[in-house]
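Reader: I have not looked at this one before. Can you walk me through it?

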Amino acid sequence: MYPWLIPVWQPLQRAVREQHLGHGLLIKGMAGLGKRVLAGKLATALLCQHTSNAPCGICHACELTAAGSHSDLHIVGREGRSIGIDAIRELSRIMSESARLGHGKVAVIERAELMTEAAANGLLKTLEEPAGEATLILVSSRPERLLPTLISRCQQWLVPLPDTQSALAWLNEQGVQASPSALSVNQGSPLQTLEYLSAGTDDKRLSLLAELAGLGKQPGRLQKVQAGLQEQPVHLVWVQLLLQDALQTALGVRAPLKLADCRQHSALIAQLGPMQLHELHSALLELRRCLQPGQGRPVNAGLQLSQWLHRLQQTLLHS
């Protein structure tokens with residue numbers, strides 16, 4: 001188990017052994033913290049045949065759970081772009097049946113925020129009137145998207161972000177050299193940072209932001225920068241963090257930079273002044289909002305980004 005999960009796991013394990021857990025649980029926290037691992041461990045403990053020592057790891061139930069073949073454990077939401085009413089109806093039907101091994105039933109709904117409104121409403125009855133020793137575990141990185149009526153019926157367990165030093169120490173143990181900046185662009189998530197560094201994406205970030213900051217001196221690179229930013233939506237997050245650092249520098253705020261390894265680039269852009277930086281930052285936030293799925297009529301992402309980059313370039317040229 002990941003070390004940052006242990007402070008959450010220990011009281012959960014104690015509640016299982018003392019039989020103090022409710023029948024509806026919500027494990028929440030940002031993406032990339034291993035909430036699925038925690039939910040799996042909890043499910044194993046709930047199904048363990050030795051409650052006072054759950055999960056024992058040696059009983060028949062624990063062996064079946066480890067093999068992924070326990071007939072009383074059901075997982076929904078691992079695949080697909082949404083969780084529909086049919087999947088929830090089938091889950092409710094299964095949960096209403098008697099446990100085959102006689103020690104309760106457990107359902108894990110991963111990415112619970114992907115439930116449609118009909119599916120969420122369909123789950124309410126199961127939460128209100130659970131059959132026997134049925135336990136529902138909802139896992140979500142976006143709990144604000146869940147129906148308030150669902151949340152109110154669940155015990156909530158928050159998986160917090162590990163502190164920076166602990167996260168960096170763990171990453172070092174995995175054989176990667178991580179910087180606080182790499183952790184920042186992944187919102188402090190150790191697992192996302194590990195994947196990011198293993199893929200060599202950090203080098204791309206440093207190169208792309210260097211070219212962006214240099215547009216005032218090398219305007220011919222605008223198209224290359226645009227192509228790089230369009231590869232992945234997260235690349236615009238890198239620019240946003242750089243602008244935030246530049247604005248902080250321009251205002252003389254004495255606080256750690258999000259991208260300390262791009263200090264020279266943020267210092268260069270900071271010369272634009274707080275007013276220009278604030279306008280550019282606001283325009284970038286609006287651009288990111290417009291490019292998100294489900295924001296009404298489709299937009300020409302290339303044109304929108306081109307206009308923003310041209311504005312940045314002209315501002316840099318005349319600074």
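Author: What follows covers helix packing, the nonpolar cores and a few backbone details. Keep in mind that this is a predicted model.

Reader: Start with helices. At what angle do H10 and H12 pack?

Author: Helix H10 (residues 201-213) and helix H12 (residues 234-250) pack at about 55 degrees, and their axes are 11 Å apart. H10 is therefore oblique to H12. Their crossing is right-handed.

Reader: Which residues make the contact?

Author: From H10, the contact uses Thr201, Lys204, Arg205, Leu208, Leu209 and Leu212. H12 supplies His235, Trp238, Val239 and Leu242. By type, the residues in this contact are 6 nonpolar, 2 polar and 2 charged.

Reader: And H4 with H5, what angle there?

Author: Helix H4 (residues 85-96) and helix H5 (residues 117-128) pack at about 15 degrees, with axes 8 Å apart. Angles under 35 degrees count as roughly parallel, so H4 is roughly parallel to H5. The crossing of H4 and H5 is right-handed.

Reader: What meets what?

Author: On the H4 side there are Ile85, Ile88 and Ser92, and they meet Ala118, Ala119, Gly122, Leu123 and Thr126 of H5. The contact of H4 with H5 has 5 nonpolar residues, 3 polar and no charged.

Reader: Switching to the core. How many residues are in the largest nonpolar one?

Author: There are 72. The members that touch the most others are Leu21, Leu42, Ile137, Leu212, Trp308 and Leu309. H12 gives the largest share of this core, with 9 residues.

Reader: What about a second core?

Author: A separate core of 22 residues includes Val76, Ala119, Leu127 and Ala134.

Reader: Now the backbone. Where is the cis peptide bond?

Author: The cis bond joins alanine 54 and proline 55, with omega at about -10 degrees. Proline 55 sits in the loop between helix H2 (35-47) and helix H3 (60-67).

Key:
Residues numbered from 1 in each chain as written. Predicted model: local features only at pLDDT ≥ 70, side-chain atom pairs only at ≥ 80, totals over all residues. Heavy atoms only, no water. Axes fitted to C-alpha atoms, helices over the stretch in contact; angles between N-to-C directions. Helix = DSSP H or I, 4+ residues; strand = E, 2+ residues; numbered from the N terminus. Parallel < 35°, antiparallel > 145°, perpendicular 65-115°, else oblique. Left-handed = near helix turned anticlockwise from the far one by under 90°. Contact = heavy atoms within 4.5 Å. Nonpolar A, V, L, I, M, F, W, Y, C, P; charged D, E, K, R; others polar. Core = buried A, V, L, I, M, F, W, Y, C linked by side-chain atoms within 4.5 Å. Buried < 20%, exposed > 50% of the residue type's maximum accessible area, 1.4 Å probe, protein only.
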